[in-house]
Amino acid sequence: MKRDLAGRRLVVTGAARGIGEQVARIAAARGARLALVGLEPDRLRSLADELGRGTVWREADVRDGDVLQAAIDGCAQAMGGIDLVVANAGVAAYGTVRQIDEASFERVVDINLTGVFRTVKYATPHLERSRGHVTVVASALSFMPLAGMAAYGASKSAAELLALTYRQEVAHLGVTVGLVHPSWIDTDLVRGADADLPSFGRLRSRLPYPGNVTTSVDKAATAIVDGLVRRRSRVYVPRAVAVANWLKGALNSPLAWPWMRRFASRAVPALEREVEALGRNDQLVPGRDSLRKQRLPRTS
């Protein structure tokens, strides 16, 4: 295993599971000192114990600015500074715009967008001192809309623009900023959606490559860690997602609309029926949301 992150002090949000957890494992194996931030203290504690080498962890919700600032400052104090940040915390919700309730939509935006804002804002003083690097985990859906994922897509598209703006604002401080654009990754988020909404998996299978493939968490995390080492401005997972960025104008043009309309017309009715039958908009993450069951409001 390469030791190309030896001594680098890395903070990862959403570190309890999925991409964040695997980024922490790979970065630690490559020599980084880790600070884990998330919502599941038992999992964070267990991962910190496993990684060793002075790994620290803090329980914090990226929706709570005061708690998150205290967590980031505490991580910096424990490690003697921060060199790298991966703003990874993210969630999804189910339902079309006419179907999703306001609270679920706002929750996704608050975590996926405003949570990134809070993370980079409170990490900036520490990154300025180290002339560090931030990686914001956005999505392939930053580039193209997908029916039934308005909250997620809107939040990830906005997170991309936030990161690009922040990149300009901190360039004179010596801080660099990168973006990660994963397609479907084999995480609880994707597996949960497939389990809750069978038509979601069928929808994904009808997308053109790379929208119809699922990448392992290990490959995604390895790409992110490689991006940290090289302070890359963009990381695509898989790499073919880059084409969607280059062609996003065409994908959202009148030329592509006839195909988009036919695709959505077949997918949306089934998705809406399944969300209605499921009875909730929020995706429940094992261990974190097992007791959190918000019912979808019924219409007469």
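Modeller: Pro-238 lies in the loop that runs from β9 (234–237) to α9 (241–246); helices (H or I, at least four residues) and strands (E, at least two) are DSSP runs, numbered from the N terminus. The peptide bond that leads from Val-237 into Pro-238 is cis, with omega near -10°. This is a predicted model, in which local features need pLDDT of at least 70 and side-chain atom pairs count only at pLDDT 80 or more, while totals for chains, interfaces and linings use all residues. Residues are numbered from 1 along each chain as its sequence is written, and side-chain values use heavy atoms, with hydrogens and water left out.

A cis bond also joins Tyr-209 to Pro-210, with omega near 5°. Pro-210 is placed in the loop between α7 (198–205) and β8 (214–215). Most peptide bonds are trans, and most residues other than glycine have a negative phi.

Positive phi values deserve mention next. Arg-231, in the loop between α8 and β9, has a phi near 50° although it is not a glycine. Its relative accessible area is 29%, so Arg-231 is partly exposed; buried means under 20%, exposed over 50% and partly exposed in between, with a 1.4 Å probe and protein chains only. Arg-131, in the loop between α4 (102–130) and β5, has a positive phi of about 55°. With a relative accessible area of 52%, Arg-131 is exposed. Gly-31, which follows α1, has a positive phi near 105°.

Leu-247 counts as partly exposed because its relative accessible area is 45%. Together with Val-243 and Trp-246, Leu-247 makes a nonpolar surface patch of about 340 Å². Patches are made of residues with over 30% relative accessible area and no salt bridge, with like charges joined within 9 Å and nonpolar side chains (Val, Leu, Ile, Met, Phe, Trp, Tyr) within 5 Å. A salt bridge is a side-chain nitrogen of Lys or Arg within 4 Å of a carboxyl oxygen of Asp or Glu. Accessible areas come from the Shrake-Rupley method with a 1.4 Å probe, and for residues only the protein chains shown count as cover.

Ser-142 is in the loop between β5 (133–137) and α5 (150–170), and its 7% relative accessibility makes it buried. Leaving aside residues up to four places away in sequence, Ser-142 touches Lys-156, Ser-157, Glu-160 and His-181, where contact means heavy atoms within 4.5 Å. The Ser-142 side chain reaches the backbone oxygen of Lys-156 at 3.1 Å. His-172 lies in the loop between α5 and β6 (176–182) and is exposed, with a relative accessible area of 65%. The side chain of His-172 reaches the backbone oxygen of Glu-169 at 3.2 Å.

Finally, α1 places the positive-phi Gly-31 in context. Nine of the twelve residues of α1 are buried, so α1 is largely enclosed by the rest of the structure. The buried residues of α1 pack against several elements, including β1 (9–13), β2 (33–38) and α8 (217–230).

Terms used
A polar contact is a pair of N or O atoms within 3.5 Å; within protein, one must be able to donate a hydrogen and the other to accept it, and residues adjacent in sequence count only if both atoms are side-chain atoms.
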